[in-house]
Structure formats: structure tokens, C-alpha cells
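Biologist: Could you take me through the strand pairing and the charged side-chain contacts here, one question at a time?

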Amino acid sequence: MMKPFEKPIYVTRPFLPPLEEFCKGLEEIWESRWLTNDGPILRRFTHELCNILETENTCLFNNGTLALQIALQGMGISGEVITTPYTFVATTHSLFWNKIRPVFVDIEPEYYTIDPEKVEAAITPWTTAILAVHVYGHPCKLNTLADIARRHNLRLIYDAAHAFGVKVGGRPIAHFGDLSMFSFHSTKLFHSIEGGMLVFRETGLKGLFDYLKNFGFKNEVEVVMPGTNAKMNEMQALMGLHVLKYLDGTIQKRAKITAVYRSRLKEVPGIHLAPPLSPDIRYNYAYLPIEVDEQEFGMSRDTLYEKLKEWNVYARRYFYPLICDFACYRSISVNGSLSVARRVADRILTLPIYDTLELSDVETICDIISSLQERRELRPDATVRAGEREIIQAIAV
Ligand code: T4K
């Protein structure tokens, strides 16, 4: 008989490098007594990232939210920005902090990224930019969005918080659009405890972002703009450097986990996964979203979410509710019905995925989901052989 997991299985766990390696790095920090403010480890980390991303146009921050806020300010974005309601709330907060009006449009149903047709329909004379999200690391419709941005003279900004390590046609995803923001939060596949990065096309933005994240200081006696404090410190950079060494292995492990979920869950009625991505995309397996069809599965997404907790499995409803349904954004008018985003937000569940999750545990999670579905099939009106209902219920309890 299946038993609940002894320890909680969370939606994610941060990757941690071998402790001895990290301690060696700490010794270097102790030696130098340089803790923050453009230290030597931050410079090394930046250099490594520039190599991987094949660009010098990067800037590191203490988190992704401040990075995005600073990006919008540095690029002078104002008026209206067309964006998605299906994301983490920080995407919209970054607009709000810059006094920009978000215009929410619907998403496409396969990969949950912003629907380019809806974007084009929402453009007004006040629109200055598109803020799209590579949600779960799924690339947006890159070419179509670029074409719309070019034709309407709009800036194209990507919240790529989930997309570190993703490549499209062999190119890092950071190469698309005018600017991309990556989050290095501990819950991300690649992290620096907390952290964020901007990657941008215009080389001139680098100096601006450096000022904005360091109080606007040009030198000891000159402040050239009202900046804030959004610097990455040496401990963060050290963690980032060490986690980076293991990134490929981490992605491979997640790919294996995803393969097990995919092969097992495709047999479960009412559980739907995004279709496989196009072969020219190198995915990072950042999240494992499933959609729960209440009719077919016999149980709502919320009931499944609660039932899984009884088995010590803590899935998450990323991203529910939609941003436009949060109290602080309810007064903002939305463009169109958002029918796809609403349906997905009501059905989505992100399942546990992280490098140390055993494949046998993934199998067990799938067994639990299947058994919950089978149990629901035993509705009073279902035809079952004598005694079968009792047997299946006993297995499922
Ligand atoms: N744009 C998008 C699209 C984003 O998704 C995010 C962040 C941002 C922008 C902003 O980037 P940052 O400013 O954060 O760099 C988490 C993260 O805090 C957030 O970074 C992330 N998106 C969002 C999707 O998820 P929570 O509140 O759901 O995380 P929390 O603390 O509940 O953690 C989830 C699970 O992870 C826990 O149940 C256990 C595990 N965990 C977590 C932490 C922090 C650990 O095992 N160890 C840990 O240290 O927001």
C-alpha cells in the first residue's frame, strides 16, 4: 500500500554546490574582506555569464524584480505597456513602480505565453513597449512579437525570469528582443541565492544601469541621477559561480524527471501537459506545469492540490490567480476576455521538479495522481464489478 512521503516533497529545492567548494570561496572572501560594491567575485561571475551568453551587455542585480524595475526606468518606458496577466506578480509590479499602465492581454493555450494577435489588437497611441514573459521557460512567439514591435516602433522587453539556459536555434534566449531580465532566485533552476540579470541589445544602457543600481554615483562626489541600491553582493556572486559549474548536469537531471512525468501522466485521463517544444529549442526544464480537466479527471485542480498535500506533496498553483484579479490591480481594465488565461489559471498545477528528486519519487507522485483519478471514477453511478470499488478505495487511501 502506498504511504505518504516521510518528508515533504516541495515544488522545488535549490541546487547547492558541494559545501567544501563553497567554503573555499568563502575563504577568499574572508581574505579579501570585500563583501559587496562591485567586488572581485562579482566581476568574475559577470565575466562567466558574458561568455556563456556571448555578449558583453549584461548587468547583475540583487534580485530580478529590481533588475526589471531599473530596466524599465533606464529605457525610459512610459505610458502603456502591453503585458500578460499570466505571470508572477513581480512582472506587473515593475511596471507599477515606474508609473506605467499595464494593459493585460490574453495568452496562447499551448505554452501560456502572450498571444501576439491580442498584443497587436491592444496597441494604442500611448503604447511604448511589450513586456512578454517566457513563462516556465517556454519561449514566447519571438519572431511574431519582434515583427509587431518593429512595425509599431515599440520596445520589446522579455521577463525571462524562468528562462536561463534556454536556447533557440542555437542562440541564447537573451539575444531576442531589446532586453531580457533573468531571475537568479533560489527557487530557479540557476540561482545566486537571490539575484537578477539584465541582458540588452544597446551597449549604451550598461552605464545607465550601473548608475541606477548604485545610487546614481558616478564617482565619490558626483551623483548623476536618483538611483537606488540594487547591487549583487559577493556571497550571491560566489553562489552563482558555483551553481553555474553544475548547470548542464542540473538541466539533464530535470530532463529525465520531465520524461518520467510525461510518459506516466499522458495515461491519466484529465491531465494535460504542454506539447513537446519545437526541436530548435533547447529547453531548461524549469517547471513541470500540468492542466487538470475537472470533468475528465473527476476532481478539480484545487482538490488535487489539497489531496496531494495529504501525501506530503506540495505542488503549487503557479500562476493563479491572474494578476488582474489581485486586489491592487482589479481596477485596471483588461483588453479582451482573457478567456484562455482564466481557463489555464483555474486548471494549472506545477508539480515538484528539482535535481535531487529521485525518479522513483516521481513515479510515486504519478501513482498518487493516477490513484486519485481512479478513485474518482468510482462515482455512485459508475458500473463496477462486485467488490471492485472497495479494493480500489483501499489502495487509494
Ligand atoms: N518574473 C517572474 C516571471 C518570476 O517568476 C519572478 C519570480 C520574478 C519576475 C521576480 O524575480 P525575483 O525578484 O524573485 O528574483 C517564488 C520566488 O520567490 C520567486 O522568485 C519566483 N518568481 C516565484 C515564481 O516563486 P514563492 O513565494 O512561491 O516561493 P516559496 O518561498 O514559497 O518557495 C517555493 C518552494 O521552494 C518552497 O515551498 C520550498 C522551496 N524552497 C524555497 C526557498 C526560498 C526551498 O526549498 N528553499 C528555499 O530557500 O515565490
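Biologist: How many bridges join strand β7 to β8?

Modeller: This is a predicted model, in which local features need pLDDT of at least 70 and side-chain atom pairs count only at pLDDT 80 or more, while totals for chains, interfaces and linings use all residues. Residues are numbered from 1 along each chain as its sequence is written, and side-chain values use heavy atoms, with hydrogens and water left out. Strands here are DSSP runs (E, at least two residues; helices are H or I runs of at least four), numbered from the N terminus, and two strands pair if DSSP finds at least two bridges between them. Strand β7, residues 167-168, runs antiparallel to β8, and the number of bridges joining them is two.

Biologist: Which residue in β8 is the bridge partner of lysine 167?

Modeller: Strands of a sheet pair through backbone hydrogen bonds, either parallel or antiparallel. For lysine 167, the bridge partner in β8 is proline 172.

Biologist: Which are the edge strands of the open sheet?

Modeller: The sheet is built from three strands in the order β8-β7-β14, with antiparallel pairing. An edge strand here pairs on one side only, and this applies to β8 (171-172) and β14 (281-282).

Biologist: How many salt bridges does a search of the whole structure find?

Modeller: A salt bridge is counted when a side-chain nitrogen of Lys or Arg lies within 4 Å of a carboxyl oxygen of Asp or Glu. With that criterion, the search of the whole structure gives 21.

Biologist: Why are lysine 206 and aspartate 210 separated by about one helical turn, and how far apart are their closest N and O atoms?

Modeller: They are separated by about one turn because they stand four residues apart in helix α7, residues 205-213. Lysine 206 is partly exposed at 26% relative accessible area, where buried means under 20%, exposed over 50% and partly exposed in between (1.4 Å probe, protein chains only). Aspartate 210 is also partly exposed, at 28%. In their salt bridge, the closest N and O atoms are apart by 3.4 Å.

Biologist: Is arginine 301 buried or exposed?

Modeller: Arginine 301 meets aspartate 302 in a salt bridge, with 2.7 Å from N to O. Aspartate 302 is partly exposed, with a relative accessible area of 30%. Arginine 301, at 3%, is buried.
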